[in-house]
Amino acid sequence: AVALPIEVVAFAEGGQFVSHQRLTKAEDKLTLSLPEGRYRLVAFSGVGNYVVPTEGVTPKSTISQKVLSTSSSTATPGSAATALMRGEAEIRWTSSSDTP
C-alpha cells in the first residue's frame, strides 16, 4: 500500500529542481504550476522516516534517514519503519495541457 504523504518533485530537462508538492490525503490532486517544457516528475511515498532535500536538489541528491525504527525491539539497527517507494515519469508540458 502507498503510504501518505506522497512527495512529488518536478525537475527540468537539465535536472534542475523546479517545484514540489506534498499530497497528504488520498483525494488530493496534483496541482504543480509549471511553465511549458519537458520535466521529470518523481513521487516518493513512505518518506516519514527520510529527509528529502528542499534546496539544490537534483535527481542524484541523497535522501537520508532522520528517524530510525523504534517500534520493535527486533528491528534492524538503521532500518526504517516504512519502506521508501519511488516512481517517476517524464512529461512534456504545453499551454494546451491540463494540470498535471
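Trainee: Is D28 buried, partly exposed or exposed?

Mentor: Before that, some ground rules. This is a predicted model, so to speak: local features need pLDDT of at least 70, side-chain atom pairs count only at pLDDT 80 or more, and totals for chains, interfaces and linings use all residues. Residues are numbered from 1 along each chain as its sequence is written, and side-chain values use heavy atoms, with hydrogens and water left out. As for the classes, buried means under 20% relative accessible area, exposed over 50%, and partly exposed in between (1.4 Å probe, protein chains only). D28 has a relative accessible area of 26%, so it is partly exposed.

Trainee: Which residue does D28 meet in a salt bridge?

Mentor: The general idea is that side chains of opposite charge can pair when their charged atoms come close. The cut-off here is a side-chain nitrogen of Lys or Arg within 4 Å of a carboxyl oxygen of Asp or Glu. D28 pairs with K25, at 3.9 Å from N to O. K25 is partly exposed too, because its relative accessible area is 45%.

Trainee: How many salt bridges does the structure hold?

Mentor: Five. Another one joins E7 and R22, whose closest N and O atoms are 2.4 Å apart. E7 sits in strand β1 (residues 6-12) and R22 in strand β2 (residues 17-23), so this pair ties together parts 15 residues apart in sequence. Strands are DSSP runs (E, at least two residues), numbered from the N terminus.

Trainee: What about R40: which residue is its salt-bridge partner?

Mentor: R40 bridges to E90, with the closest N and O atoms 2.5 Å apart. That pair links distant parts of the chain, as R40 is in strand β3 and E90 in strand β6 (residues 85-93), 50 residues apart. R40 is partly exposed at 29%, and E90 is exposed at 61%. There's also a network of salt bridges linking R40, R86, E88 and E90.

Definitions and conventions: Helices (H or I, at least four residues) and strands (E, at least two) are DSSP runs, numbered from the N terminus.
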